[in-house]
Amino acid sequence: MKTSWGFATVIKTPKELILFDTGGNSEILLFNMRKLGISPLSIKKVVISHIHGDHVGGLEGFLEENDNVTVFIPASFPQSVKDMIIDKGAKFVEVSGPRKISDFVYTTGELYGPPEEQSLIIDSKNGLIVITGCAHPGIVNIVKKAKELMNKDVYLVVGGFHNPPISVVKEFRELGVKKVAPSHCTGDLVREAFREEYKEDFIEYGVGKIIEVENN
Ligand SMILES: [Zn+2]
Ligand SMILES: [Zn+2]
C-alpha cells in the first residue's frame, strides 16, 4: 500500500460497493484499490464527507477512471466541485439533511464543523457502524446524531476523530459504543487512550486494513 495524509474507505454491503472519501491523491487511491483487488469500475456511488483536500483531492482522478457514478456531496460544496463532477461525466446529489444512500447505508446529512461534514451510518445487525472523515462537527456529536436518527445502539465507530479531548473515551463508553477504530486525524494520545480502555474492542485501522463485520 502507498500511504499519505488523507482518508478513503470502501464499504462493501451485500448490495454494492460505496467509496467514502477519496484521499488527497487519486494515484494513491487507485493504486491501493487495485492492490486490494477492488476495481474502480465496481464503484457506483461515492460519498464525500467534506471539502478538505485530504478527503476530496482524489475525486477528480477517480472520476477520470470511472465516470459512471453518483457522487453524494454536502450541499454547501462550492460550484467549482459540482462543475468538475459534471465535466467529468458523472452525476452528483446534494446532501443537506439525513438520507438513505443505499440499503443499510445512510448519511447523517451536513453537520456544521466548520466546515459542513457528513458521516455515514451503516445499519448492521450488530448495531450501527458510524464512519467519519475528519469529524469536524465533533465525534461525540456525530455519534449522538447517529443514535438519535436510527434509534439504535452504536456497534462501531471508524475513521478520523479529529483530536478530541481524552474525555471522549469516557463519553464513548457512556454512549454505549462497543468497538472503535480511530484513524487519520484522531491524534496519537487519544488513540492510545482508546486502545487502553477498549482492549480487544480496539481495532487497528489504517491504509489497507479490512474490517469484516459478521452478523451475530
Ligand atoms: Zn478535514
Ligand atoms: Zn482529514
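Predicted model: local features only at pLDDT ≥ 70, side-chain atom pairs only at ≥ 80, totals over all residues.
Local features require a pLDDT of at least 70 and side-chain atom pairs a pLDDT of 80 or more, whereas totals for chains, interfaces and linings use all residues. Residues are numbered from 1 along each chain as its sequence is written, and side-chain values use heavy atoms, with hydrogens and water left out.

The zinc ion (ligand 1) is coordinated by His50 (NE2), His52 (ND1) and His136 (NE2) at 2.1 to 2.2 Å. Donors are N, O and S atoms within 2.8 Å of the metal (3.2 Å for Na, K and Ca); water is not among the atoms, so sites may look incomplete. The donor residues follow the sequence spacing H-x1-H-x83-H. The zinc ion (ligand 1) and the zinc ion (ligand 2) are separated by 3.7 Å. His50 is buried, at 0% relative accessibility, while His52 is partly exposed, at 30%. Buried denotes under 20% relative accessible area, exposed over 50%, and partly exposed in between (1.4 Å probe, protein chains only).

The structure holds zero disulfides, a disulfide being a pair of cysteine sulfur atoms within 2.5 Å. For Cys185, the closest cysteine sulfur is that of Cys134, at 3.7 Å, too far for a bond. Cys134 is buried, with a relative accessible area of 4%, and Cys185 is buried at 11% relative accessibility.

Ser42 is partly exposed, at 31% relative accessibility. The C-alpha atoms of Ser42 and Gly61, 19 residues apart along the chain, are separated by 16 Å. A polar atom of the Ser42 side chain lies 2.5 Å from the backbone oxygen of Ser39.

Methods
Chains lettered and ligands numbered in written order. Polar contact = N/O pair within 3.5 Å; in protein donor to acceptor, adjacent residues only side chain to side chain.
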